[in-house]
2 protein chains.
Amino acid sequence: METQSVRPILIQVDQCDNVAIIANEEGLEQGTMLSNGIFLQETIPMGHKVTLADLAQGDAIRRYNQVIGYASEALPAGSWVHQFRVELPKAPQLDELVYDDHPPQTLSPLEGYYFDGYRNPDGSVGTKNLLAVTTTVHCVAGVVDYIVERIEKQLLPHYPNVDGVVALNHLYGCGVAINAPAAVVPIRTLHNLAKNPNFGSEVLVVGLGCEKLQPELLLNAEHEPIAIPKQQIIMLQDEKHHGFQSMVNEVLTQANVLLGRLNQRSRERCPVSNLVVGMQCGGSDAFSGVTANPAVGYASDLLVRCGATVMFSEVTEVRDAIHLLVPRAANAKVASDLIAQMRWYDNYLAAGQTDRSANPSPGNKKGGLANVVEKALGSIAKSGTSAIVEVIAAGERPQRKGLIFAATPASDFVCGTQQLASGITLQVFTTGRGTPYGLKAIPVIKMATNSALAHRWDDLIDMNAGTIAEGLNSIEQIGQQLFEMILAVASGRHQTWAERWGLYNQLSVFNPAPIT
Amino acid sequence: METQSVRPILIQVDQCDNVAIIANEEGLEQGTMLSNGIFLQETIPMGHKVTLADLAQGDAIRRYNQVIGYASEALPAGSWVHQFRVELPKAPQLDELVYDDHPPQTLSPLEGYYFDGYRNPDGSVGTKNLLAVTTTVHCVAGVVDYIVERIEKQLLPHYPNVDGVVALNHLYGCGVAINAPAAVVPIRTLHNLAKNPNFGSEVLVVGLGCEKLQPELLLNAEHEPIAIPKQQIIMLQDEKHHGFQSMVNEVLTQANVLLGRLNQRSRERCPVSNLVVGMQCGGSDAFSGVTANPAVGYASDLLVRCGATVMFSEVTEVRDAIHLLVPRAANAKVASDLIAQMRWYDNYLAAGQTDRSANPSPGNKKGGLANVVEKALGSIAKSGTSAIVEVIAAGERPQRKGLIFAATPASDFVCGTQQLASGITLQVFTTGRGTPYGLKAIPVIKMATNSALAHRWDDLIDMNAGTIAEGLNSIEQIGQQLFEMILAVASGRHQTWAERWGLYNQLSVFNPAPIT
Ligand SMILES: [Ca+2]
Ligand SMILES: [Ca+2]
Ligand SMILES: [Ca+2]
Ligand SMILES: [Ca+2]
Ligand SMILES: [Ca+2]
């Protein structure tokens, strides 16, 4: 045997696991001896799994002390456990889940943490002071884009206390089956988007006139209607408009009035209980579940202890770990709501003749994730350890503070849009493969799951949790740093990379109903 | 009776019709005497229908010499036939449609018409000379938007022969059930979008790396792969990229090369047979089917006679007139393809627990359209009188020239995107209520169905067909003018209003499959 120049780094999450992941950035070569005396049967890339014992065909493969699948062939100790060697287990049967009413104990309260936010008339608090222009229908998007550019160039310089202007453009509003049962989702989403706390309870509505989603429907879709003066609703087909410039001028005039009001506002010291933070992962790898996501979970617990609202989401990515979430439900209603959301999605996928195996993506697999079970176990780590106090459907707003399951698709841009509608004012986004994700309405803190990405994308990634895998930091240390960065970003004291470059996704409203 | 100051203008499409529409801009008041001696029972707004004979409850209401519905109450001559007085008839039963193999005779060829276009290596001809940046996944949209702005400001001024740069951003590519049967639609659409003739057979691909829609899939999705040099595919997760500016620089470098090549091109005289024109209506009213749409139909016949390709679409809007389209199929295959597309959509709507009555929109109804049957009869007028030579599914490219039914949703922005993918290089868009619709990749000629709209929106509407209702022009005259404007716009000699203001919709790719 040649001398080993590389010290093997293995991450075994639980002592009962029979696989571990290789943390070395270059992977490990065939023949490498691990600290437990096992020799690698083959070369294994970073983030991928190695067997720690001899597995026979059909044996359970355990990670996170959970069965992530079954060996599809014999895998002697030191084998590479790639996706084609792992048979997908059945999803937890929803009918068999029982709630035993022993939720986690309430975490000890944490006091004395504050951030500087914008207080709104409705009691919510924003992390930014933005003018929102919402729309009833995509037909007006071109006009709104044109006007937003004019607002940015001509008006904003006169209102230094306003952070920007956001066009809530979307692909809904007409040419859609607005009476289909599932249409409630996009309509509620658009309604609640306009209510996001970062818009200061102000909003300008631009509509066309003949669309299915009439302004009355958009504004009154939910229990608490959006009450705005009539002049803040501008309809392009209104007979008073003679030509395009007339439309532009009316919107600019109204924008000026709102900007004047928004400009009067300033940041005030607010308790952290006024924060609403969304957690998401995207472009995950095998490190997500051992570095960034647990660190996010630690920060999530800190936020919950401060009385803040924390949302986690991504139904298809928690589906295979639902048996671990149901026991964390604060009460039987929450447990049954959790199961109902899983069932809704099972049916939705079945109607499209597909299933949960559609996730993970090729990049997830390249990053070492064998299947959706392994992905789910890593994904739920973002939720920390506290009780789940409420479940909300896509685009709903929570009634409670604490840890909320906001049922959204896992798609990064859809989850982002839906959490925005549910009222988040900041999002934490973990990524192993890397994505330049950003939202214009709120700051997004991007955290790398591995140092290689954090170093390569040093002007896109805001925090590195990869040092956890290298043994340089504990989960608690990175979690604490993230908590502090959340307060700094929410206070406007620290800018995220997406904000600095102005990198923003478009809104992507979840519409499970047909279009016409 | 007081003296009548207003001369009543009625439009009765067919002499067998028992209703006519009121063409007077202010509508007509109760008591007005029509030229046939009938007095109005009530005041009727412009575009709405009046009964020309006494109808009993249950009597068929006829327009276009077709049954558009049944009287839901007794309607004496002179009554207002609004939506609540019309019972929706059953849709034509698809199983009962029989093709009798007597398609319309081939129209006489028309020669000697040309336009100045950009000839492509693949034989197609563009109406513009654009650089396209396509994307595999929405995750890269923020980066692409950033770069396109840089290209517009820094590079384009050096390439005077290039008309612009288009980012083919979309909300697909990941977080989607890419193996669901219906996923073929969005994947094919994105593939064919990149092939639009206005991009000169050149395209730059920006991808992330971990997405489900990998570049290989995007480029090879259809029979004729998009063959581009490897360096035109830029993946943000590529390990060679150290930071954001490295990504930006690589795209700018490649853009520069492509712009250099595109800048060598110039317009050449091409026969009209090289044109591919899409027809669409949006924000329709009761005039659509008697002014603009028949004029479009006339222009459509002229284009077909020149050997051009003409597409009409909007499945839910032709569904109720399918019995009039099947006899126009050029052969039995076309007839059965037409019926198959209707059936697909019936099933799609049923799966979403809705049906064809989801169309028309409130604005359509306000404009006088009682239901989807009446809308359909007006909508198919855009197709003219020629034989339908081919039916293509959403996002497919036709194999034949002549009149094509391109099966797309009726939604304006989705139909636009799908027709773009099917290769149109110009679109004609008729509207009665008015919409500022536009596409960045191709010119869109907007035609008003009524003069009121054309006058009010004189800097958004390119042509007025309302003079047909006023008796000032014939359908043939307006159709001929439209044909001439099509050639002028396709040649770059005339700019549409959307081009002048830069008003463009985002792309809205049809995805009937679930998202995850
Ligand atoms: Ca995720
Ligand atoms: Ca993901
Ligand atoms: Ca995600
Ligand atoms: Ca239409
Ligand atoms: Ca349409």
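Here's a walk through the calcium sites, one selection at a time. Keep in mind that this is a predicted model.

**Stop 1: chain B.** Select the calcium ion (ligand 5) and show what surrounds it. Its donors are B:Gln280 through OE1, B:Cys281 and B:Ala410 through O, B:Glu314 through OE, and B:Asp412 through OD, at 2.3 to 2.5 Å. Now look at the sequence: the donor residues of the calcium ion (ligand 5) are spaced Q-C-x32-E-x95-A-x1-D.

What does that do for the fold? B:Cys281 sits in strand S14 (residues 276–281) of chain B, while B:Asp412 belongs to helix H11 (residues 412–421) of chain B, so this pair ties together parts that lie 131 residues apart in sequence. Colour those two residues by accessibility, and both B:Cys281 and B:Asp412 come out buried.

**Stop 2: the neighbouring ion.** The calcium ion (ligand 4) and the calcium ion (ligand 5) are 3.3 Å apart, and B:Cys281 coordinates both.

Buried or exposed: what about A:Glu314? A:Glu314 is buried, at 0% relative accessibility, and A:Glu317 is buried too, at 4%.

**Last stop.** Draw a distance from the calcium ion (ligand 1) to the calcium ion (ligand 2): the two are separated by 4.0 Å.

How values were computed
Residues are numbered from 1 along each chain as its sequence is written. Chains are lettered from A and ligands numbered from 1 in the order in which they are written. This is a predicted model: local features need pLDDT of at least 70, side-chain atom pairs count only at pLDDT 80 or more; totals for chains, interfaces and linings use all residues. Side-chain values use heavy atoms; hydrogens and water are left out. Donors are N, O and S atoms within 2.8 Å of the metal (3.2 Å for Na, K and Ca); water is not among the atoms, so sites may look incomplete. Helices (H or I, at least four residues) and strands (E, at least two) are DSSP runs, numbered from the N terminus. Buried means under 20% relative accessible area, exposed over 50%, partly exposed in between (1.4 Å probe, protein chains only).
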